[in-house]
Amino acid sequence: MREYKESQHTLLYKSNSDLSFYSAGYEECGPGYSYGPKFRAYQLIHFVINGSGRLHINEHIFELSAGDAFLIPSGKISYYEASREDPWTYAWISFMGINSETCLYQLMTSVEDIYIIHDLDVEKYKESILKILAIEGNPTSQYFQANSILLHIISQLFNDIDFQEESWGKDSAADEVKFYLDTNYAEKIVLKDVARSFGIHPNYLTRTFHEKFGISPKKYLMELKLKKACRLLTTTELPISLISSSLGFDDQLAFSRLFKKEFSDSPSAYRKKSRALTVSDDS
């Protein structure tokens, strides 16, 4: 692994700057190499140069390959691992600052998969990051050089995703709330508090959300949680109590009652049936 982490300025300085370089690196991973689960206080972007791997973030799982970039916002717990058959090589860059969250949010809301950007010319990003790793000079000079390359990389990303400046931020409150639910569904969410944080009345939120998506935000959130529960039941051996708590349910019994009401099976019965179907399909 090759990495450069700027150390001339304090984290307080970086976090209070407009946009400030934090670190960059390049790694050719071995089969099954993994990193995390980890919580970060900075924004992070990885570019997959070749090979493949998997990203876990907020109960989402993404299969990634060359040409993809994955975005990890500060405050989110993530885990990623290289394929055992075709391990990836990636380059990364991270940054902090007052506008860093908005910058990453603009990128995330302008692409279909939120955390993933597909079909990038990753070689040009690799070259930029390798320039950072080769920087020489005194620490202050290095910082400004790295920061200039960071800004260049971000400008290229906004250009590559065809960011529409005139339309961003003009989506309805329903779009903003849906994005919030999609990325935070694993937490214990109180919709009244969500509405307040967006500066709107809960009744207005419910009405506009239903008009836009044909479902109430409360039902959308619950269906989202149950959808993720189904995936965890069929693809992992996690205890039902852990699945329940990881999705923000107060207790396992409440989760099981809701699950059975929706699918006519208890979580354990659903897991057994899904495993039986998988075995049948493979035989």
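Author: **Helix α5 and its partners**

Helix α5 and helix α7 (residues 202-213) pack at an angle of about 90°, and their axes lie 9 Å apart. Here the axes are lines fitted to C-alpha atoms, for helices over the stretch in contact, and angles run from 0 to 180 degrees between N-to-C directions. Helices (H or I, at least four residues) and strands (E, at least two) are DSSP runs, numbered from the N terminus. The pair α5 and α7 is therefore roughly perpendicular; angles under 35 degrees count as roughly parallel, over 145 as roughly antiparallel, 65 to 115 as roughly perpendicular and the rest as oblique.

This is a predicted model, in which local features need pLDDT of at least 70 and side-chain atom pairs count only at pLDDT 80 or more, while totals for chains, interfaces and linings use all residues. Residues are numbered from 1 along each chain as its sequence is written, and side-chain values use heavy atoms, with hydrogens and water left out.

On the α5 side, Ala174, Asp175, Val177, Lys178 and Leu181 meet Leu205, Thr208, Phe209, Lys212 and Phe213 of α7, where contact means heavy atoms within 4.5 Å. By class, this contact of α5 with α7 holds 6 nonpolar, 1 polar and 3 charged residues. Ala, Val, Leu, Ile, Met, Phe, Trp, Tyr, Cys and Pro count as nonpolar, Asp, Glu, Lys and Arg as charged, and the others, Gly among them, as polar.

The other partner is helix α8 (residues 217-235), which packs with α5 (residues 173-184) at an angle of about 25°, the axes being 10 Å apart. Because of that angle, α5 is roughly parallel to α8. The crossing of α5 past α8 is right-handed: a crossing is left-handed if the near helix is turned anticlockwise from the far one by less than a right angle, and right-handed if clockwise. Lys178, Leu181 and Asp182 of α5 make this contact with Pro217, Tyr220, Leu221 and Leu224 of α8. The residues of the contact of α5 with α8 comprise 5 nonpolar, no polar and 2 charged.

Helix α8 itself has 19 residues, which at 1.5 Å a residue should span 27 Å, and its end C-alpha atoms are 27 Å apart, in agreement; the expected span is 1.5 Å times one less than the number of residues. Among the buried residues of α8 are Pro217, Tyr220, Leu221 and Leu224, buried meaning under 20% relative accessible area, exposed over 50% and partly exposed in between (1.4 Å probe, protein chains only).

As for the setting, the protein chain has 11 helices and 10 strands. Its C-alpha atoms fill a box of roughly 65 × 50 × 30 Å, taken along the principal axes. Buried residues make up 47% of the 283 residues in the protein chain. Of the contacts with a separation of 6 or more, 74% are between residues 24 or more positions apart.

Some backbone details lie elsewhere in the chain. Most residues other than glycine have a negative phi, and most peptide bonds are trans. Ser264, although not a glycine, has a positive phi of about 65°; Ser264 lies in the loop between α10 (252-263) and α11 (267-282) and counts as exposed at 59% relative accessibility. The peptide bond from Gly36 to Pro37 is cis, with omega near 0°, and Pro37 is found in strand β3 (residues 34-39).
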